Structure formats: structure tokens, C-alpha cells
Amino acid sequence: NLRWQLNMYQLREERDIGGKALMNLISNMLYEKRFGPWFVSPIIGSIDKETGKVYLANTDLIGAPCEPKDYVVVGTCEDSLHGMCEALWREDMDKDELFECISQALLSSVDRDCLSGYGATVIVVTKDGQVIQRELKGRKD
């Protein structure tokens, strides 16, 4: 259904979908099915090709959007992640500093929440389109 919606957008608008439009599309899809079967909290991120401006948003289970200026967190350890991100995140970090910030926030928060799992995948996308993906291993007890 999502692929079909994206194809229809591209045919109708004659351009690729942007971050804001994708967030609205996903938000509407979640609200239409608010009683099931989707129980997800998606994170939507994009980089504008012309301006290089970053768009970052997430929605809750029924599609209510949240568009902060700095970062978004979702999941069972969301409260711990907010605290760690507020302490570690700052503007204009390079890709290595950003990876370290994300890694420390994730590992610290996941260790405090028994429902969060045993690790994470960190993906950093730079403005020039470089994608850096690394696996984090957490506690396994």
C-alpha cells in the first residue's frame, strides 16, 4: 500500500516525495488504521537535494506528527533516550561525534530497559549522501 501511494504521488506531482509530504502520507495512513493492524512509531528523515536542509519527524501510533528541530526518539526506552540525548546532543557535530552521541545514548538507555533488546543498528547519513552503518552490541544478560 505504501509503495502504491508513493508511485501515485510521483505520477501526480511529477517529482519525488519530500520528507514533509511523506510524513503527512504516513500520518494519514496510521490514522486510517488507528485501531489496527499497525502499531508502530515511524521516524521520517530526509535531506533536501537543493538546499541540503534536514527534515526530521516522527509520529505516534495514531499518526500524530512531531517535528522537532534537533532529534527524535521512539521505542520502549523513549524516556531514557530523551534524557541521554538532551545531555549529549549539540548542534554541528561531525559524523564521528554524532555516531558516538547516538551510540552512548542508545547503549545507556537500552541497559535501563529490559524490553529494548540486545543492541542496535546506527545509521548516519551525511549531507553529501554518504551512508555509514554500524552495529552496536549491548548487554546479553
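Analyst: Start with Arg90. It has a relative accessible area of 44%, so it is partly exposed. The cut-offs are under 20% for buried, over 50% for exposed and partly exposed in between, with a 1.4 Å probe and protein chains only. A word on the source: this is a predicted model, where local features need pLDDT of at least 70, side-chain atom pairs need pLDDT 80 or more, and totals for chains, interfaces and linings use all residues. Numbering runs from 1 along each chain as its sequence is written, and side-chain values use heavy atoms, without hydrogens and water.

User: Which side chain does Arg90 meet in a salt bridge?

Analyst: First the rule. A salt bridge needs a side-chain nitrogen of Lys or Arg within 4 Å of a carboxyl oxygen of Asp or Glu. Here Arg90 meets Glu97, with 2.9 Å from N to O. Glu97 is also partly exposed, because its relative accessibility is 32%.

User: How many salt bridges does the structure hold?

Analyst: Four. One of them joins Lys20 and Glu67, whose closest N and O atoms are 2.8 Å apart. This pair links distant parts of the chain, 47 residues apart: Lys20 is in helix H2, and Glu67 is in the loop between strand S3 (65–66) and helix H3 (78–88). Lys20 is partly exposed at 42%. Glu67 is partly exposed at 38%.

User: Which residue forms a salt bridge with Asp16?

Analyst: Lys49, with the closest N and O atoms 3.9 Å apart. This pair also links distant parts of the chain, 33 residues apart. Asp16 sits in the loop between helix H1 (2–13) and helix H2 (19–32), while Lys49 sits in the loop between strand S1 (43–47) and strand S2 (54–59). Asp16 is partly exposed at 48%. Lys49 is exposed at 76%.

User: Now the cysteines. How many disulfides are counted?

Analyst: The general idea comes first. A disulfide is a covalent bond between the sulfur atoms of two cysteines. The test used is a pair of cysteine sulfur atoms within 2.5 Å. By that rule the count is zero.

User: Next, the backbone. Which phi value does Glu14 have?

Analyst: Most residues other than glycine have a negative phi. Glu14 has a positive phi of about 60 degrees although it is not a glycine. It is found in the loop between H1 and H2. Glu14 is exposed, at 73%. Asp92 also has a positive phi of about 60 degrees and is not a glycine. Asp92 lies in the loop between H3 and helix H4 (95–111). Its relative accessibility of 76% is why it counts as exposed.

User: How do I read contacts? Which residues does Ser41 touch?

Analyst: Contact means heavy atoms within 4.5 Å. Leaving out residues up to four places away in sequence, Ser41 touches Thr59, Asp60, Leu61 and Val74. Ser41 is in the loop between H2 and S1, and it is partly exposed at 31%. For the whole chain, take the contacts with a separation of 6 or more: residues 24 or more positions apart account for 37% of them.

User: Last, the chain as a whole. What share of its residues is buried?

Analyst: Of the 141 residues, 29% count as buried. The C-alpha atoms fill a box of roughly 50 × 40 × 25 Å along the principal axes. For charge, Lys and Arg count as positive and Asp and Glu as negative, leaving out His and the chain ends. Each charge is placed at NZ of Lys, CZ of Arg, CG of Asp or CD of Glu. The chain has 17 positive and 23 negative side chains, and the centres of the two sets lie 4 Å apart.

Terms used: Helix = DSSP H or I, 4+ residues; strand = E, 2+ residues; numbered from the N terminus.
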